[in-house]
Amino acid sequence: MEFSPSLSLSRTLSLLSPTTSSSSLPPFSFLSHRHRHRHLQRQRRCNLSRSSCRPPAIQLSSSSKDDDDEEMVEIEFEEEEEEEYTEYEYSSLDVDSLEREAQLAVQEFSESLSRQMVIEDERSSPKEAQVKDKRRKNTSKNIPDHLLPKVAIVGRPNVGKSALFNRLVGGKRAIVVDEPGVTRDRLYGRSFWGNYEFMVVDTGGVLTISKSQTDLMEELAVSTTIGMEGIPLATREAAVARMPTMIEKQATVAVEESSVIIFLVDGQAGLNAADVEIADWLRKHYSDKCIILAVNKCESPRKGISQASEFWSLGFDPLPMSAVSGTGTGELLDLVCSGLKKVEGPEYLEEENYVPAIAIVGRPNVGKSSILNALVGEDRTIVSPVSGTTRDAIDTEFTGPDGQKFRLIDTAGIRKKAAVASSGSKPEALSVNQAFRAIRRSDVVALVIEAMACITEQDCKIAERIESEGKGCLIVVNKWDTIPNKNQETTVFYEEDVRRKVRALSWAPIVYSTAIAGHSVEKIIVAAAAVEKERSRRLTTAIMNQVVREAVAFKAPPRTRGGKRGRVYYSTQAAIRPPTFVFFVNDAKLFSETYRRYMEKQLRTSAGFAGTPIRLLWRSRRKMEKSDGKGPSTKTQENFKDKEKSLAVTA
């Protein structure tokens, strides 16, 4: 075998390498010998036409001429493909344009994903969106929630407290259903009027009058609560009997910490004995606070005066208003602000940093509210053996051991959609929607499962929802003390079982806790902080491309039957929360789903990102056209401008 002097060492090694054999040739087995001969002749003519501008080919001496021809074709094919790749990568890449295109790719992906992940009753009219934006712009002061004065809304069940709460905070935060006993926990929301800013607290209906067991079941609608049929009769009666006391305790806490109390009554139903008793209770214990008597459901201004006149006997000045239509809410807010002390933003109060939100989700009765109470250190939410006790998504501020602030969100139990529809419970359907919204507005999700209960299909669906939303996640195995005969191998076997069944969250850390006893609950916050740190991490472009090069060198993209192979030209991290990476390749269709999973696994192995999903976006990159001495063509830049304009119009 003779070698040309101009032959490079790399070409020599590639020729002598055992990988350059008939097994790596293009798949000609399906062609006839006649077609194969014609193909080789065309390839020889192409090689001769380029011989003037390329190094001389290697002259091979062998007994089989056909084999030499095939080997010559393979050498020329590989050499040409390598030259195209090198020329594109080092001379034609416009890094700034690629970075801009990566940002556009992330925006397009986010918009398409939001269209797919639709939550029922989530769409708001353009007018409502404008009002929300206006409210956000008007809140110029950045005062922490715990420093703002509080305004509590109290009253008997089904008088419209949640509707008034939604009216004051400017959104659909509380569940509003024409049924008594829907709201049970304290629900906080930020509101403002003029130069005043304050926190509004929604409470459950106060039942201070002694009632029989049957009346309580009917008043609170506990008979239709989720999972009541699976609870023993004695436990059910005890839980129902304690429910009014728990709701009243939550309302009492809200009244004690508030500066202004809105005592809400129903103008259409008229004066009630429960209204009289609540008025006496407020007058006796909280006479030092500003108490405003608001007569709700007075849509007509003329009839409202006559409807409100009936409540003069309570000892307060009645104010007719309507939470649904907004009639009289301006006068109500004027009275509220007159009883508040104006809070000026101190100079030493710096702008609040980013506060991550942790949503606690799971199936009913797995201990979500118990975990929240154990973390906060108080009875923030009602804990009952009756599953489905929590209805609204409860937000609570929390400061970790290291001083980092979090916002904890307790949610209602998520059952199957078919089970919710068959139950016919509208509050439950709205509670599930609230839980999905809590996942969407959170940063880290704590998926709670019960240790003794088997992992169900519903747990896997919730896990898939968390992964699709791009949220960081940790799996909390609650009630770990119920596992009998635990040893060192129990945790290992249990983790393997969880990993095998919940495949969508194979990257999520697992925490074992017992919320009732307070064991290992602090590990949840430590794990959530670590997950949020990984979710906000960004790789430099140099490290990113180095990891990708090593991954491609270890396992190259597979060839197609036509001999084409995918090539990665450039890669960058375009976004965080979740980490999103954009790969610019010759053709995205050449990268199979298996190879994409391999690339994700290599990224996790080399760069970490534990506890957070990562997004890999693959963009087909055509060869940039070159003008006469002016670099890349402006056609690509015009496409960028068109995409940016369309995305701006959509936003």
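**View 1. An open sheet of 6 strands, mixed in its pairing, with the order S8-S9-S7-S10-S11-S12.** The edges belong to strand S8 (394–399) and strand S12 (510–512), and each of these pairs on one side only. Going across this sheet, neighbouring strands are turned by 25° against each other on average, with direction ignored. Keep in mind that this is a predicted model, here and in every other view.

**View 2. Strands S7 and S9, side by side.** Here strand S7 (residues 357–362) and strand S9 (residues 405–410) run parallel, joined by 4 bridges. Which residue of S9 is the bridge partner of Ile358? Look for Leu408 in S9. As background, strands of a sheet pair through backbone hydrogen bonds, and they can do so either parallel or antiparallel.

**View 3. Helix H12 on the sheet.** Helix H12 (residues 368–376) packs on the sheet and touches S7, S8, S9, strand S10 (444–450) and strand S11 (472–478). The direction of H12 makes about 155° with that of S9. Is H12 mostly covered or mostly open? Mostly covered: 7 of its 9 residues are buried. Those buried residues are Lys368, Ser369, Ser370, Ile371, Leu372, Asn373 and Leu375, so a lysine is on the list too, given that buried here means under 20% relative accessible area. The cover over them includes S7, S8, S9, S10 and S11, and helix H17 (522–535) is also part of it. Just after H12 comes Gly377, with a positive phi of about 90°.

View 4. Helix H15 (residues 457–469) lies across S7, S10 and S11. Relative to S10, H15 runs at about 175°.

**View 5. Val502, a loop residue.** Val502 sits in the loop between helix H16 (488–501) and S12. Why does Val502 count as buried? Because its relative accessibility is 5%, and the cut-off for buried is under 20%. Leaving aside residues up to four places away in sequence, Val502 touches Ile455 and Ala463. For a distance to check, take the C-alpha atoms of Val502 and Ile462: they are separated by 9.9 Å, with the two residues 40 residues apart along the chain.

**View 6. Helices H18 and H19 packed together.** Helix H18 (residues 541–554) packs with helix H19 (residues 593–607) at an angle of about 125°, and their axes are 10 Å apart. That angle makes H18 oblique to H19. The crossing, where H18 passes H19, is right-handed. On the H18 side, the residues that meet H19 are Met544, Val547, Val548, Ala551, Val552 and Phe554. Their counterparts in H19 are Tyr595, Tyr598, Met599, Gln602, Leu603 and Ser606. How many charged residues does this contact have? There are no charged residues; the classes come out as 10 nonpolar and 2 polar.

View 7. Strand S13 (residues 568–575) is mostly covered, with 8 of its 8 residues buried. S13 pairs with strand S14 (residues 580–585) in the antiparallel sense, over 6 bridges. The hairpin has 4 residues between the strands, and Arg577 takes a positive phi near 55°.

**View 8. Another open sheet of 6 strands, in the order S2-S3-S1-S4-S5-S6.** The pairing in this sheet is mixed. Strand S2 (187–193) and strand S6 (318–320) stand at the edges with a single partner strand each, so one side of each is left without a neighbour in the sheet. From one strand to the next, the twist averages 30°. Inside the sheet, strand S1 (residues 150–154) and strand S3 (residues 196–202) run parallel, with 4 bridges joining them. Ile153 has Asp202 as its bridge partner in S3.

**View 9. Zooming out to the whole protein.** The protein has 20 helices and 15 strands. Of its 651 residues, 46% count as buried. Among contacts with a separation of 6 or more, 74% come from residues 24 or more positions apart.

Note on methods:
Residues are numbered from 1 along each chain as its sequence is written. This is a predicted model: local features need pLDDT of at least 70, side-chain atom pairs count only at pLDDT 80 or more; totals for chains, interfaces and linings use all residues. Side-chain values use heavy atoms; hydrogens and water are left out. Two strands pair if DSSP finds at least two bridges between them. Helices (H or I, at least four residues) and strands (E, at least two) are DSSP runs, numbered from the N terminus. Axes are lines fitted to C-alpha atoms, for helices over the stretch in contact, and angles run from 0 to 180 degrees between N-to-C directions. Contact means heavy atoms within 4.5 Å. Angles under 35 degrees count as roughly parallel, over 145 as roughly antiparallel, 65 to 115 as roughly perpendicular and the rest as oblique. A crossing is left-handed if the near helix is turned anticlockwise from the far one by less than a right angle, and right-handed if clockwise. Ala, Val, Leu, Ile, Met, Phe, Trp, Tyr, Cys and Pro count as nonpolar, Asp, Glu, Lys and Arg as charged, and the others, Gly among them, as polar. Buried means under 20% relative accessible area, exposed over 50%, partly exposed in between (1.4 Å probe, protein chains only).
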